[in-house]
Amino acid sequence: MLNKLPVARLLFCVLATSAVLGQVCAIVSLSALSQTSIMVWAFLALIIQLIVLGVFTSHVEKLISEPITRLTDAADHLGPDLRPRELPEYGSKEISQAILAFRNMQERLARCTAERVEVLAAISHDLQTPITRMRLRAESLESRQDSARLLQDLDTMHALVKEGVTYARTLHGTTEPPSRIDLRALLESIISDYEDAGHIVILDSRIAEPVMTLPNALRRILINLVDNALKFGSAVCICACRRSSGPVISVLDNGPGIRPDQLENVFKPFYRGPPRDQKSVAGSGLGLAIARQLAIAMNADLRLENRNEGGLEARLSLSHASVVHGLGGVSRVVDENGAEGLCRGRAAVATVRDCGHAAGAVGLSLSTRR
Ligand SMILES: Nc1ncnc2c1ncn2[C@@H]1O[C@H](COP(=O)(O)OP(=O)(O)OP(=O)(O)O)[C@@H](O)[C@H]1O
Ligand SMILES: [Mg+2]
């Protein structure tokens, strides 16, 4: 790759020398002219020099800052898969070396993660056989109580192993290609699975347009959030609406919520809330970590917020580009009384009060906040 900075330095020296020489020549040749003419010529020469210097300086500045900006972008956008992005060596020798070192670091990180996933996958695979053998032995135990306890422990072990592998895989990004989906249909199918299992989950979807997303990742995120909502609360609603920033899907519950200082910690792998919040509920503490990794992989933002009314809101904000066919910057807005209207730009904030009549039926007062 052509190293442009030394060329720029050379050009700068040539320009500066010629400018000085030019000035000397001008002064000598103009000495025959009157005092005023000399002043005018000197002034003009100075202006031209300043312009040339300005153009040249901005060019040099661009040459220096461009590769650094690219390097910063590459570091900022290092995805969860840690795969090296296209980053050509560019700029001065020092900057080229920094880019090369960064690329090597990306490759080492990606290799390291891949190895970790392989180890986890191998352990999980090899654990399946002894777990199945132990299950068979536990079932044949004479004491029914011991058998039930052992089977419960084995189920927990099995779930932990499975979740561990899923988490490791999500760390490596997702290979799922984006596709255009009917969001409402996806949410309805999730809810019907819960209904089959005897749970009530309310749907309030206000997005009619198709959405471009990773359907399996989205399904997995929502399932993890709804599982939590059902685990810690008794009434759950999935609300989907459009905001100026893009589609937003919220999972609302009426549980105890999360202590404000723990709202980010719960996204850490294997982190579970303080025992008093757990109500001895089962879990490995990986659900939210997986959901966050998948959200990053699909360029979405996942946050938790305690609701004023009590309970938790898990809010997944999809990127603006995910709406395939929008209303041209116009959003549907629902006012406090449930009346709908259209609104533009920043004012396009959807407020959902009493998320449908069904929510009221199970005593869940729901509202999404900014
Ligand atoms: N809706 C919620 N209401 C109250 N607390 C919650 C809620 N969702 C998550 N939490 C807290 O965050 C912790 C981490 O949640 P996460 O989903 O990662 O793990 P888990 O539900 O304990 O186990 P897993 O999902 O792996 O089965 C939970 O243990 C709980 O303390
Ligand atoms: Mg969970």
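Predicted model: local features only at pLDDT ≥ 70, side-chain atom pairs only at ≥ 80, totals over all residues.
Helices here are DSSP runs of H or I with at least four residues, and strands are runs of E with at least two. The UniProt record, an unreviewed entry, puts a "transmembrane region" at residues 36–56.

Beyond its sequence neighbours within four places, leucine 141 touches Asp146, Ser147 and Leu150.

Now for the inside. The largest nonpolar core has 45 residues, and Leu183, Leu218, Ile249, Val251 and Leu304 have the most contacts inside it. Several elements supply at least two residues each, among them helix 4 (144–171), helix 5 (183–196), strand 5 (246–253) and strand 6 (301–306). Helix 6 gives the largest share, 8 residues.

So what does helix 6 look like? It runs over residues 215–232, and at 1.5 Å a residue its 18 residues should span 26 Å; the end C-alpha atoms are 26 Å apart, so the two agree.

Leucine 304 is another core residue worth a look. Leaving out neighbours within four places in sequence, leucine 304 is in contact with Ile258, Leu263, Val266, Phe267, Leu288, Leu312, Glu313 and Ala314. There's also a second, separate core of 6 residues, including Leu71, Ala74, Leu87 and Ile99.

How values were computed:
Residues numbered from 1 in each chain as written. Chains lettered and ligands numbered in written order. Heavy atoms only, no water. Expected span 1.5 Å × (residues − 1). Core = buried A, V, L, I, M, F, W, Y, C linked by side-chain atoms within 4.5 Å. Buried < 20%, exposed > 50% of the residue type's maximum accessible area, 1.4 Å probe, protein only. Contact = heavy atoms within 4.5 Å. UniProt positions renumbered as here; feature names shortened; annotations may be inferred.
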